[in-house]
Amino acid sequence: MSSISPYLSALLRRLRQLREEAHLSRRDMEDRLILGPGWIDRFESGETTPSLDILLAMLHLMGKTLPHLLEGLPEHGLDRGFDRNIRAEQVESDVVITFRYAAYDAAYTLVNATTDEFDQVIKTLRDGLSRLIASGETDTEAIKRDSVARAFLTAVKAWPHANPSDLWWFIIYRAYCDPFNHPAQFARLDLGQSWKRTGGWALEEVLVRHYGPLLKQKGVNLFIGPAQVKERLLSTAKIRDRLEIDKIDVLLTGDVREREEFFGVVHVKSSFAERRTDDVPMSRALIKAGYTSPLWTMDCKSTPSQKPVNRGELGPARVRGRDQRSAKRKDIEKDAYFSACFSYNANTVATPPGQRSKARVYVCDFNNPDDAFSEFILQRWQKWRST
């Protein structure tokens, strides 16, 4: 993949052709335009995209106009021709998604997919973010996290066979960081920094929207509560010192007669990056007091490359008696810093059946909310009620 679109690449090849037809060398152009050495080469190679005024100046110097430049430019697909952080191309029955990844032009193949489906996911995000400039909408963070959550749930519905963590990491995150998906007035927003807040909150929304209705039918409430609601529920807890309101992600309560009874917290993380400092101390305190405290994660982890693999961070399980587990996996299986870990990365290795562990790693998807996670939560609620 080139770092620029194939259509811009074709236009720049045409620009070089016009220069050669005018019998002008790169040095000639740089002298006439008063540019430092190497600029014309950067423009023609696409390493630096020329601004419109520079482009017009170059054409004027050659004795050409824009119509001359556009001669022979391929017309098919021009609607996808401008440079974006993320693009999709249909290749037989698959979609090849290309995006910028550090110093690389990366590609991820989404099998059995169409660009129409991809466009629908992106439009869901774009249409949601467009509400940022609508009259009467004041909670911008709520709009952004709702838009991201809707786009992700649209993606897992369109591609139930895909790795959910890949959809989150290679598509939703990259699409959010594409400024063209945001209203133009936010063009200078640091989208990478914005994602750190929005992505985390949106993932909590994904959890609640996917599992909340099913659990509610069973008498369990899974929700993101405002600070005052958290304070009210936690005031009845048997622990005080580690329950920092702003560190709590998603609350677990059960219906007992006409009141809600707090019985746990779900720690929601796209990766393990902040887990040790933000979640482990509180989780250990919760578990010690008898509360439920699972980790719910996309387990996103990949190394920048042309074809990145989202392998996750938990590493291999215990193999043939040899303990090759990573420190992060031992935190769960050996030390039970969390009641359990639920990963939505298909590359995560689940705790093998029969392996003795204080807590287990499960691998889930979004095909059906009646799965290992909801079963675990319901079992823990029943155990809580019986004590």
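In the predicted model, residues E117, Q120, V121, T124, L125, G128 and L129 of helix α6 meet I143, K144, S147, V148, R150, A151, T154, A155 and A158 of helix α7, a contact being defined by heavy atoms within 4.5 Å. By class, this contact of α6 with α7 comprises eight nonpolar, five polar and three charged residues. For this division, Ala, Val, Leu, Ile, Met, Phe, Trp, Tyr, Cys and Pro count as nonpolar, Asp, Glu, Lys and Arg as charged, and the others, Gly among them, as polar. Helices (H or I, at least four residues) and strands (E, at least two) are DSSP runs, numbered from the N terminus.

Two packed helices are described by the angle between their axes and the distance between the axes. For α6 (residues 115-129) and α7 (residues 140-158), the axes come within 8 Å and cross at roughly 165°, which makes α6 roughly antiparallel to α7. Axes are lines fitted to C-alpha atoms, for helices over the stretch in contact, and angles run from 0 to 180 degrees between N-to-C directions. Angles under 35 degrees count as roughly parallel, over 145 as roughly antiparallel, 65 to 115 as roughly perpendicular and the rest as oblique. The crossing of α6 and α7 is right-handed; a crossing is called left-handed if the near helix is turned anticlockwise from the far one by less than a right angle, and right-handed if clockwise.

Two further residues of helix α7 were examined individually. F152 is located in α7 and is buried, with a relative accessible area of 0%. The term buried denotes under 20% relative accessible area, exposed over 50%, and partly exposed the range in between (1.4 Å probe, protein chains only). Apart from neighbours within four places in sequence, F152 is in contact with P164, L167, W168, I172, V206, M298 and F366. The C-alpha atoms of F152 and I171 are 8.8 Å apart in space, with a separation of 19 residues in sequence. D146 is likewise found in helix α7 and counts as buried at 9% relative accessibility. When residues up to four places away in sequence are not counted, D146 touches R131 and R209.

The passage of α1 across α4 is a left-handed crossing. On the α1 side, L15, L18 and R19 meet L55, M58, L59 and M62 of α4, and the residues of this contact divide into six nonpolar, no polar and one charged.

R19, which lies in helix α1, is buried, with a relative accessible area of 5%. Beyond residues up to four places away in sequence, R19 touches L24, S25, R26, M29, I40, E44 and M62. R19 and A273 are separated by 254 residues in sequence and by 51 Å in space, C-alpha to C-alpha.

Positive phi values in residues other than glycine were found in two loops. H23 has a phi near 60° and is placed in the loop between α1 and α2 (26-33); at 70% relative accessibility, H23 counts as exposed. E92 has a phi near 55° and lies in the loop between β1 (86-91) and β2 (94-101). E92 is exposed, with a relative accessible area of 76%.

In helix α10 (residues 227-234), the buried residues are V229, K230, L233 and L234. These residues cover an arc of only 120° around the axis, which puts them on the same side of α10; the arc is that of the directions from the helix axis to the C-beta atoms. The buried residues of α10 pack against β4 (220-223), β5 (250-256) and β6 (259-269).

Overall, the chain has 14 helices and nine strands. Of its 387 residues, 47% count as buried. The C-alpha atoms fill a box of roughly 90 × 60 × 40 Å, taken along the principal axes. Among contacts between residues at least 6 apart in sequence, 63% join residues at least 24 apart.

Residues are numbered from 1 along each chain as its sequence is written, and side-chain values use heavy atoms, with hydrogens and water left out. As the model is predicted, local features need pLDDT of at least 70 and side-chain atom pairs count only at pLDDT 80 or more, whereas totals for chains, interfaces and linings use all residues.
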